[in-house]
Amino acid sequence: MSLVQTYRKPKVFGLTVLGALVLGALAGWLGNGTWLAPVLAKIGSTFTALLQLTVIPLVFTAIVVGIASLRNLGGGRTAARLGGKTFLWFAITSFIAVLIGIAVASIIKPGAGLQIEPAAGAVDKLAKRASGSWQALLDNLVPTNIFTSFTEGDVLQVVFIAVLVGFAAYALGEKAAPFTNLVKSFFEIVQKVVGWIILLAPIGIFGLIGNAVASYGNSFVKPLFSLILAVYVGTLLVLFVVYPILLKFVGKTSPVEFFRKAGTAIQFAFVSRSSGATLPLSRKAATDLGVPNEYANFAVPLGTTTKMDGCAAVYPAVATIFIANLFGIQLSVWQYVGIVLVAVFGALATAGTTGWYTMLTLTLSVVGLPPQVIATGVAVVYAIDPILDMIRTATNVAGQITVPVLVARSENLIEEPAAPAEKDLVNA
C-alpha cells in the first residue's frame, strides 16, 4: 500500500489532524508577534476559502438529491413522517441544549463583575451590521432572483430553492429522472472536490490553529475566560452527555461506536469551523452508523443548515447572560423564556457563515436589551469568536449526525453493517 493510500485511511488521517493541531498550536505560540503569524493566517484563510467555495453547490445538490431519494424509502406519507420526525428532534435537542446553556451560565455567571471596554471602531462596525430579527428572516427567506442567491452565497435562500426543487422532482417522479440524475452526478463531482480539499486539512488546520493561538493568546482572553469556560462546559455537556444518552436509549446505538465513526467529522468541524465543509464527512458518518443513504442524503444536509445546537442554542444563551451580567442587567423569567423560544424556533436564522451573529443578535433583541448594550456586548464577544466557534461547530455537527440516527431507528431503517474493511477517506 502506497503512502498516499495509507494517509487516506480515516484512522491515519485522524491522527495526522491531531498532530497538525498540536504543531499548529506550538507554531502559533512561537510565532506570536513574528513573521510566522501572518504566514499562519494566510495558510488558514486559504484553506477556509477553498472550503467555502464548495458550500453552496454542495448544500443545493445534497438537499435536492436527498428529497428526491426519499421516494425509495416509501410513499409520500413515509417522506412526510421522516421529515416531521427530523424537525421534531431538531426542536427537542435544541430545547435541551438551550436549557443547559442557561443552567451553566447561571452557575458560572460569566461577565459578572468585569469591566471590559471594546475598541470604539469595533462597536461602530458591528452596530452597522444587519442584526438578526424575525422580520429579516422572513424577508430574506424567499429570493427575488435565483441566480443572485447562489452568486452572493445566501445559504438560507439556497436551502429554500433546493427544498422547492427537491419536492418538485419528488412529485414528478420519472418525468424528473433526467434532471435528478444530472444533479446526482453534480453532487458526486462536488463531493469528490471536497474530498480532495479535505485531504489538505492537516495543512489548513496547522494554519488555522496557529493563527488562533498567535492572535488570541494575549491578555484580552483572560478577562473573558469565564465566557469561554461557560460555552465549552455547556457544549461539551451536550456533546458528551446529551447525545450519548439519546443515542443509547432512543437510537439504540453505542455512544462509543458513534464517536468512533463520527469522530473524524467532529474533529474536522472543530478545526474548520464549518458545518457545510464537514458535510461529506457527516454524511459518511451517518451512513456508517446504519442510516440509509436515501434518508442521510436528506437529513444531514438539512441539518447542516438548520440544526445547530452549539451556535443556535448553547452559545446565544450563554452569551446573552454574559452580556447582561457585564452591564449589570438582571434578566427576568420571561426574558429567559424568550431565549428558549428563539433557540427552538429560530434555527433557520443560523443558516450561513454568519449564523452565530444572527442568532445572538436575534436573541438579544427578543430579550429586549438596549441597542447600545447589544452593540458593545457583541463587540466584546466577537474578539474571541474563533475560540468559541470551534466547539460550537463541533457540537453542531455531532447533532447533525445524531438526529438522523434517532429518526432512522424509530422507523426501523437502521442497517446494521457488518464490519467492513476500512474505506478510503475520499472514495468512501
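F249 is found in helix α11, residues 225-249; helices here are DSSP runs of H or I, at least four residues, numbered from the N terminus. This is a predicted model, where local features need pLDDT of at least 70, side-chain atom pairs count only at pLDDT 80 or more, and totals for chains, interfaces and linings use all residues. Residues are numbered from 1 along each chain as its sequence is written, and side-chain values use heavy atoms, with hydrogens and water left out.

F249 has a relative accessible area of 58%, so F249 counts as exposed. The cut-offs are under 20% for buried, over 50% for exposed, and partly exposed in between, with a 1.4 Å probe and protein chains only.

Next, Q335, in helix α16, residues 333-345. Is Q335 buried or exposed? Its relative accessibility is 18%, so Q335 is buried. A polar atom of the Q335 side chain lies 2.7 Å from the backbone nitrogen of S332. Leaving aside neighbours within four places in sequence, Q335 is in contact (heavy atoms within 4.5 Å) with Q330 and V367.

Now two helix lengths. The expected span is 1.5 Å times one less than the number of residues. Helix α9, residues 177-199, has 23 residues and should span 33 Å; its end C-alpha atoms are 33 Å apart, which agrees. Among the buried residues of α9 are F187, Q191 and L199.

Helix α18, residues 371-382, has 12 residues and should span 16 Å, and its end C-alpha atoms are 16 Å apart, so that agrees too. α18 is mostly covered, with 9 of its 12 residues buried. These include V373, G377 and V381.

Notes:
Helix = DSSP H or I, 4+ residues; strand = E, 2+ residues; numbered from the N terminus. Polar contact = N/O pair within 3.5 Å; in protein donor to acceptor, adjacent residues only side chain to side chain.
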